[in-house]
Amino acid sequence: MSEQKKHICILGGGFGGLYTALRLSQLPWENEERPEITLIDKNDRFLFSPLLYELITDELKTWEIAPPFEEVLGDTGVKFHQACVTKIDVDSQEVQLDDETSVAYDRLVVALGADTPLDIVPGAKEHGIPFRSLQDAYRLEERLRELEQSNQENIRVAIAGGGYIGVEIACKLADRLGNRGKVRIIELGDMILRTSTEYNRKAAIEALESRQVWIDEETRVESVSADTVTLAYKNQSDTIPVDVVMWTVGISCSSVVKSLPLLQNKTGQLIVTPTLQAEGREDIFALGDVAESHDQSGQLLPNSAQSAFQQSDYCAWNIWASLTGRPLLPLRYQQLGEILSLGKNNATVTSMGVKVSGYPAYLMRRLVYLGRMPSANHRLTVGMNWITSPVVELLN
């Protein structure tokens with residue numbers, strides 16, 4: 001009687017989870033070694049999140065940045081199961097789902113991502129809009145349409161956080177709203193994009209200034225209401241009217257992850273070894289926003305799509321190695337550069353000694369992200385659409 005196949009269960013279909021699944025399906029398994037691979041996600045679509053901003057300005061459509069998992073995984077042999085994870089039992093090696101099913105595993109990949117915490121200040125949970133998912137983008141779109149169809153002269157937007165998400169969404173909103181838009185970034189620190197390169201930070205400031213986006217530095221959001229935001233600056237509070245509050249500050253892991261009997265940091269991220277295994281558990285791997293990950297040299301990886309791309313290669317390899325008796329490889333993180341979207345047809349890129357901004361950077365950004373999309377068929381379909389759309393628009 002043949003030995004029962006091993007089962008790899010991957011929780012979360014973001015960059016970390018999906019790309020680990022795709023890489024696992026490509027590795028050279030012997031027929032008798034090839035495991036079953038199941039990807040579980042609460043949504044039916046993968047989201048290429050770096051391009052989520054383009055939905056605001058209608059530069060891209062949902063189908064281009066969010067292909068269905070069934071389509072992406074079509075000929076890979078990876079099974080997709082749409083459900084929410086309700087519990088992970090690490091002792092019995094079993095995952096429980098909200099559709100009353102359970103999945104046993106031999107290797108578990110925790111890639112559930114993280115949420116934007118909205119309970120930091122009063123009113124943010126009720127009135128703040130995060131920007132991590134398609135649902136967030138749709139909620140913002142609905143609110144913007146409502147305001148654009150109204151008779152009010154100005155549309156006032158406050159963005160909590162002057163990091164990458166805050167700056168990129170500020171530029172897109174300013175372009176969409178035009179002269180009606182009054183966009184403001186509220187940053188607790190003394191500068192925006194603190195971890196960015198000097199070149200990209202300068203390009204971002206120029207883009208924001210040209211769009212008349214106001215930047216409040218060393219300013220804290222005290223509270224949010226339906227139509228106001230209260231700010232604190234140098235021990236003084238000021239309440240200003242606002243129509244939209246975007247909340248881009250912080251990360252928080254799900255209660256399912258926080259309840260695991262595994263080593264975690266203060267935000268609930270799982271602390272993993274350079275081989276991406278949970279401390280003390282060789283059968284559990286974690287990557288992406290849900291993990292605090294250091295590479296072989298001790299470098300802390302940023303919570304970014306670039307990190308998840310690189311982690312997924314190592315995660316897949318190390319799972320394969322652990323099941324086939326090969327040595328595991330510690331992660332060696334490579335900083336490949338930084339790309340920021342700075343409005344319509346505008347971006348900034350620093351990579352491998354190259355520094356580019358404006359429309360050339362916008363084209364480079366598109367090409368880089370096209371190359372990183374999850375399947376050859378989707379890359380081809382999207383690429384052809386990007387090539388032909390301008391021609392169709394000219395003819396019309």
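Me: In what order do the strands of the open sheet of three strands run?
Reply: Bear in mind that this is a predicted model. The edge strands are strand 19 (338-341) and strand 21 (354-358), each of them pairing on one side only. Pairing in this sheet is antiparallel, and the order is 19-20-21.

Me: Over how many bridges do strand 19 and strand 20 pair?
Reply: Strand 20 covers residues 347-351, and its pairing with strand 19 is antiparallel. One spot to look at is Glu338, which stands opposite Thr350 in strand 20. As for the bridges between strand 19 and strand 20, the count is four.

Me: Which helix lies across strand 19, strand 20 and strand 21?
Reply: Look at residues 359-372, which lie across those three strands. They run at about 110° to strand 21, and they make up helix 10.

Me: Why is there no bond from the sulfur of Cys9 to the closest cysteine sulfur?
Reply: The structure holds zero disulfides. Cys9 is buried, at a relative accessible area of 0%, and Cys171 is buried too, also at 0%. For a disulfide the sulfurs would have to be within 2.5 Å. The closest cysteine sulfur to that of Cys9 is in Cys315, and this is too far for a bond because the distance is 12 Å.

Me: Which side chain does a polar contact of 3.2 Å join to that of Asp289?
Reply: Leaving out residues up to four places away in sequence, Asp289 touches a set of residues including Gly113, Ile251, Gln269, Asn303 and Arg132. The polar contact of 3.2 Å joins the side chain of Asp289 to that of Arg132.

Me: Which residues have the most contacts inside the largest nonpolar core?
Reply: That core has 103 residues. Apart from it lies another core of 14 residues, with Val221 and Ile240 among them. Not counting residues up to four places away in sequence, Met246 touches Ile129, Phe131, Leu140 and Leu173, among others. Inside the largest core, the residues with the most contacts are Phe48 and Met246.

Definitions and conventions: Residues are numbered from 1 along each chain as its sequence is written. This is a predicted model: local features need pLDDT of at least 70, side-chain atom pairs count only at pLDDT 80 or more; totals for chains, interfaces and linings use all residues. Side-chain values use heavy atoms; hydrogens and water are left out. Two strands pair if DSSP finds at least two bridges between them. Helices (H or I, at least four residues) and strands (E, at least two) are DSSP runs, numbered from the N terminus. Contact means heavy atoms within 4.5 Å. Axes are lines fitted to C-alpha atoms, for helices over the stretch in contact, and angles run from 0 to 180 degrees between N-to-C directions. Buried means under 20% relative accessible area, exposed over 50%, partly exposed in between (1.4 Å probe, protein chains only). A polar contact is a pair of N or O atoms within 3.5 Å; within protein, one must be able to donate a hydrogen and the other to accept it, and residues adjacent in sequence count only if both atoms are side-chain atoms. A nonpolar core is a set of buried Ala, Val, Leu, Ile, Met, Phe, Trp, Tyr and Cys residues joined through side-chain atoms within 4.5 Å.
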